[in-house]
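Visitor: Could you walk me through a few local details of this model? I'd like to go piece by piece.

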Amino acid sequence: MATHDLLIEIGTEELPPKALRKLADHFFAECMQGLVTARLIDNTDSGKLYFSPRRLALVAGNILSEQPDQSVERFGPAVNIAFTENGEPGKAAQGFAKSCGTTVDQLEQKDGKLFYASVAKGKTAAVLIPGIVNEALTRLPIPKRMRWGDSSAEFVRPVHWVIMLLGKDVIDCDILGVKTGHESRGHRYHHPDQITIESAGKYVSQLRKAHVWLNDSQGSLNQAISEQVQSLAKSVDGIALNSAADSELVAEIAALVEWPVPVLGNFDPKFLALPEEVLIATMEGQQRYFPLRAPDSGELLPHFITVANIESREPERIRAGNERVIVPRLTDAMFFWDKDRAQSLASRVTLLDDMTFQKQLGSLGDKQRRVAQLAEHIATAIGSDPAQARRAAEISKCDLLTDLVGEFPELQGTIGRYIARHDGESEDVAAAIESHYLPRFAGDRVADTKTGQALAIADRLDTLAGIFAIGQAPTGEKDPFALRRAALGLLRTIIENALPLDLADNLERAASALPETCRQGFKPNEVMPFIMERLRRYYLDNGVNSDSFEAVLACVPTRPFDFHQRLLAVEAF
């Protein structure tokens with residue numbers, strides 16, 4: 001039977017950059033699985049994914065022109081109930097024959113039952129593929145779909161063209177209210193005219209000539225951007241931060257450009273007086289620039305690299321425009337930095353009483369006082385300085401009141417560390433203010449100082465005990481207080497630092513400091529199983545045998561590091 005290459009392209013307005021790869025992967029997987037289910041291909045190996053800011057596409061080879069005919073065998077009712085005593089066909093026999101699209105006299109008997117064998121004629125690929133594509137589009141993970149024009153079609157962005165080529169022939173149909181054809185679009189500015197795609201095999205090369213550099217499942221565009229940026233950084237003896245092909249910044253830029261052109265920019269060296277985290281957050285988070293670092297000293301350089309989506313005849317104007325844009329951003333950051341340092345962290349403590357942590361559990365000031373008391377106790381238990389732990393806890397949340405954290409929420413703790421140093425606090429206290437937020441995400445490091453560990457544990461214990469006490473434990477996927485992350489961070493901090501802490505005892509201690517109206521609601525038999533479930537997931541994700549975990553859990557150890565040592569022993573045996 002004849003086979004052909006298949007090209008499908010859904011052309012849209014610019015797709016959401018942070019969702020583009022996920023949409024493309026799901027579109028490809030759904031379409032390829034649909035082709036396999038329809039028996040037009042044997043497996044998904046012949047498929048290739050392509051995508052850009054304005055398109056989702058795939059190319060698949062060896063597509064059958066029509067399904068193979070299929071033998072269909074059906075068993076019906078037992079013979080002794082299918083016919084009357086006189087041997088006449090009863091309702092059961094007639095109903096079975098009708099459902100098979102035949103007559104009773106065409107039925108056979110097999111194993112004591114009525115039996116019908118037939119051959120189902122295969123449908124053509126041109127008939128099946130539109131349904132496969134429509135079904136794939138409805139299954140995409142789109143939180144909120146939109147409509148456009150007077151059409152009832154809904155998608156993540158308006159659709160302007162659709163290509164559906166089987167061999168060199170267009171599969172004639174409508175997809176999301178758009179009639180299929182073989183016209184694609186090139187780059188918005190370099191090649192705004194339509195392009196007639198000749199075949200699936202020429203798809204990539206024709207678009208490249210039209211200044212569209214397609215990305216694919218291997219991230220070829222990410223790799224190209226990474227290499228271009230790193231090469232340009234070397235021209236000023238710098239190293240571009242987060243410029244690896246698998247970085248989130250490169251992935252986001254690749255989802256924004258169709259023809260990447262890196263451009264080197266500069267800024268006034270006076271802004272290097274800002275904390276480097278603020279400079280990086282400004283350039284990466286707000287502008288999607290690559291900051292540059294000196295390879296020898298490790299210090300940031302007064303340069304950045306931006307990736308334009310156009311090959312300009314006057315690149316110096318693009319450079320000047322980006323340099324002009326970043327100045328007010330950095331000027332604002334410098335203003336906030338000077339203003340924030342003018343007031344010590346300790347002087348802001350009383351203001352935390354005006355910030356609500358949780359209505360029943362009180363203000364952020366209330367929480368901070370509970371945490372300070374608990375951190376002092378934990379510091380003593382792990383051989384740290386309790387006075388340092390209390391001091392760090394007392395001012396640990398004060399940077400939430402700064403303008404810089406208001407502008408860059410992801411820098412909470414980091415800004416606190418800088419201001420604490422400026423205030424003359426000890427390095428141990430300053431470091432703990434930042435590290436008590438660790439780990440911030442899966443795979444992140446844990447606090448590496450005793451004071452930071454005491455504060456990180458106390459903060460999470462207070463949150464877990466308090467939220468469970470007021471009956472707000474996570475349900476299903478909802479976890480507004482991030483208790484799952486808090487529990488895992490708590491466990492990792494204790495285990496990875498080999499701390500001899502009893503979790504049950506310290507949870508009870510945390511609960512005893514809660515407001516009296518909440519204290520009665522604390523139930524250890526709810527909190528501990530929740531935490532142990534996080535521990536189970538942590539170990540299973542790291543290759544530990546489920547039976548080993550259950551064996552240790554049966555002993556009900558309440559010290560996480562003791563649990564860890566027992567588990568290693570069981571695994572060794």
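Visitor: To start, where does Asp111 lie?

Guide: Asp111 lies in the loop between β5 (108-110) and β6 (113-120), where strands (E, at least two residues) and helices (H or I, at least four) are DSSP runs numbered from the N terminus. This is a predicted model, in which local features need pLDDT of at least 70 and side-chain atom pairs count only at pLDDT 80 or more, while totals for chains, interfaces and linings use all residues. Residues are numbered from 1 along each chain as its sequence is written, and side-chain values use heavy atoms, with hydrogens and water left out.

Visitor: And is Asp111 buried or exposed?

Guide: Asp111 is exposed, with a relative accessible area of 70%; buried means under 20%, exposed over 50% and partly exposed in between, with a 1.4 Å probe and protein chains only. Asp111 also has a positive phi of about 55 degrees, although it is not a glycine.

Visitor: What about the phi of Ala482?

Guide: Ala482, likewise a residue other than glycine, has a positive phi near 50 degrees. Ala482 is found in the loop between α15 and α16 (483-496) and is partly exposed, with a relative accessible area of 22%. As background, most residues other than glycine have a negative phi, and most peptide bonds are trans.

Visitor: Which residues does a cis peptide bond join?

Guide: Leu438 and Pro439 are joined by a cis peptide bond, with omega about -10 degrees, and Pro439 is placed in the loop between α14 and α15.

Visitor: How do those helices, α14 and α15, pack?

Guide: Helix α14 (residues 427-435) packs against helix α15 (residues 450-469) at an angle of about 40 degrees, with the axes 8 Å apart; axes are lines fitted to C-alpha atoms, for helices over the stretch in contact, and angles run from 0 to 180 degrees between N-to-C directions. That makes α14 oblique to α15, given that angles under 35 degrees count as roughly parallel, over 145 as roughly antiparallel, 65 to 115 as roughly perpendicular and the rest as oblique.

Visitor: Which residues meet there?

Guide: From α14, Asp428, Ala432 and Ser435 meet Thr451, Gly452 and Leu455 in α15, with contact meaning heavy atoms within 4.5 Å.

Visitor: And α20 with α21, at what angle do they pack?

Guide: The angle between helix α20 (residues 546-553) and helix α21 (residues 560-572) is about 130 degrees, and their axes are 9 Å apart, so α20 and α21 are oblique to each other. Ser548, Phe549, Val552 and Leu553 in α20 meet Phe563, Arg566, Leu567, Val570 and Glu571 in α21.

Visitor: Switching to rings, how many aromatic pairs are there?

Guide: Searching the whole structure finds eleven aromatic pairs. Rings of Phe, Tyr and Trp (its six-membered ring) pair if their centres lie within 6.5 Å, and planes under 30 degrees apart count as stacked, over 60 as edge-to-face and the rest as tilted. Trp213 and Trp259 form a tilted pair, 6.1 Å centre to centre with 50 degrees between the planes.

Visitor: What does that pair tie together?

Guide: Trp213 lies in the loop between α5 (203-209) and β13 (215-216) and Trp259 in the loop between α7 (248-254) and β15 (261-266), so the pair ties together parts that are 46 residues apart in sequence. Both Trp213 and Trp259 are buried.

Visitor: Which residues do ring pairs link into a cluster?

Guide: The cluster linked by ring pairs consists of Tyr538, Tyr539, Phe549 and Phe563.
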